[in-house]
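Please open the structure in a viewer and follow the stops below in order.

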Amino acid sequence: MEYSMKVINLNGEWEFSTNYGEPEGVKTIRVPFCPESRLSGVGHHFPEGAALTYKKTVKLPEGFNKGRVLLHIGAADQRADVFLNNKPVGWHKGGYEAFTLDITDALQQEN
C-alpha cells in the first residue's frame, strides 16, 4: 500500500468579524494567534458569548484530493462551528483543545 500525505497549512491572514463589533480598522486576523494577542493583528479581548467569525478561501492544488481529507484545528476556545462551502462539517466544544474533522464530502476545488 502506497501512503502519501499532502498538507496545506492554513496559517496566515483570514477575514475576521464578530457580532460584538470589531475594534476600529480590524478586518483580518493572523492565524494561529488568538484575538487577544498582538501577533494576531487584533489585540483585543472579546466578552464571553461574542461570536468570532473566521473566513478564508482556499484553492486546492491539482491532484490534491486522493482520498479522505482531514481538517486539523490546533486549538479553539469554547465552541467552534465549522462550515465548508456553506455546509456544516462539524463542531467542537472545549477550552483551547485541538480537534480534527473529515471534510471530504464538502470539499470542492475552491473552498
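Select Ser-17, which counts as partly exposed because its relative accessibility is 30%. The accessibility classes used throughout are buried (under 20% relative accessible area), exposed (over 50%) and partly exposed (in between), computed with a 1.4 Å probe on protein chains only. Ser-17 belongs to strand S1, residues 12-18. Strands (E, at least two residues) and helices (H or I, at least four) are DSSP runs, numbered from the N terminus.

Two remarks on the model apply to every stop. This is a predicted model, in which local features need pLDDT of at least 70 and side-chain atom pairs count only at pLDDT 80 or more, while totals for chains, interfaces and linings use all residues. Residues are numbered from 1 along each chain as its sequence is written, and side-chain values use heavy atoms, with hydrogens and water left out.

## Second stop: aromatic rings

How many aromatic pairs does a search of the whole structure find? The search returns three. Rings of Phe, Tyr and Trp (its six-membered ring) pair if their centres lie within 6.5 Å; planes under 30 degrees apart are called stacked, over 60 edge-to-face, and the rest tilted.

Select Phe-16 and Tyr-54, whose ring centres are 5.7 Å apart and whose planes meet at 90°, so the pair is edge-to-face. This pair links distant parts of the chain, with Phe-16 in strand S1 and Tyr-54 in strand S3 (residues 52-55), 38 residues apart. Phe-16 is buried at 5% relative accessibility, whereas Tyr-54 is partly exposed at 34%.

Next, select Tyr-20 and Phe-46. Their ring centres lie 6.3 Å apart with planes at 90°, so this pair is also edge-to-face. Tyr-20 is in the loop between S1 and strand S2 (28-31) and Phe-46 in the loop between S2 and S3, so the pair ties together parts 26 residues apart in sequence. Phe-46 is buried, with a relative accessible area of 7%. Display the four residues together: Phe-16, Tyr-20, Phe-46 and Tyr-54 form one aromatic cluster.

## Third stop: the nonpolar cores

A nonpolar core is a set of buried Ala, Val, Leu, Ile, Met, Phe, Trp, Tyr and Cys residues joined through side-chain atoms within 4.5 Å. Which residues have the most contacts inside the largest core? They are Val-82, Leu-84, Val-89, Phe-99, Leu-101, Ile-103 and Leu-107, in a core of 14 residues. Strand S4 (70-84) and strand S5 (87-102) are the elements that give two or more residues to this core, and S4 gives the most, with five.

Centre the view on Leu-101. Leaving aside neighbours within four places in sequence, Leu-101 is in contact (heavy atoms within 4.5 Å) with Val-69, Leu-70, Leu-71, Val-82, Val-89, Gly-90 and Trp-91. A second, separate core has seven residues, including Phe-16, Val-26, Ile-29 and Val-31.

Move to His-92 in strand S5. Is His-92 buried or exposed? At 15% relative accessibility, His-92 counts as buried. The side chain of His-92 makes a polar contact with that of Glu-97 at 3.2 Å. A polar contact is a pair of N or O atoms within 3.5 Å; within protein, one must be able to donate a hydrogen and the other to accept it, and residues adjacent in sequence count only if both atoms are side-chain atoms.

Select Trp-91 and Arg-79 as well: Arg-79 lies over the face of Trp-91, 4.2 Å from the ring centre. A charge sits over a ring if NZ of Lys or CZ of Arg is within 6 Å of the ring centre and within 35 degrees of the ring normal.

The structure has four salt bridges, each a side-chain nitrogen of Lys or Arg within 4 Å of a carboxyl oxygen of Asp or Glu. One of them joins Glu-13 and Arg-30, with the closest N and O atoms 3.2 Å apart. Glu-13 is in strand S1 and Arg-30 in strand S2, 17 residues apart.

Finally, select Arg-68, which is exposed at 56% relative accessibility. Arg-68 forms a salt bridge with Asp-102 (3.1 Å, N to O) and another with Asp-105, whose closest N and O atoms are 3.9 Å apart. Through shared partners, Arg-68, Asp-102 and Asp-105 are joined into one network.
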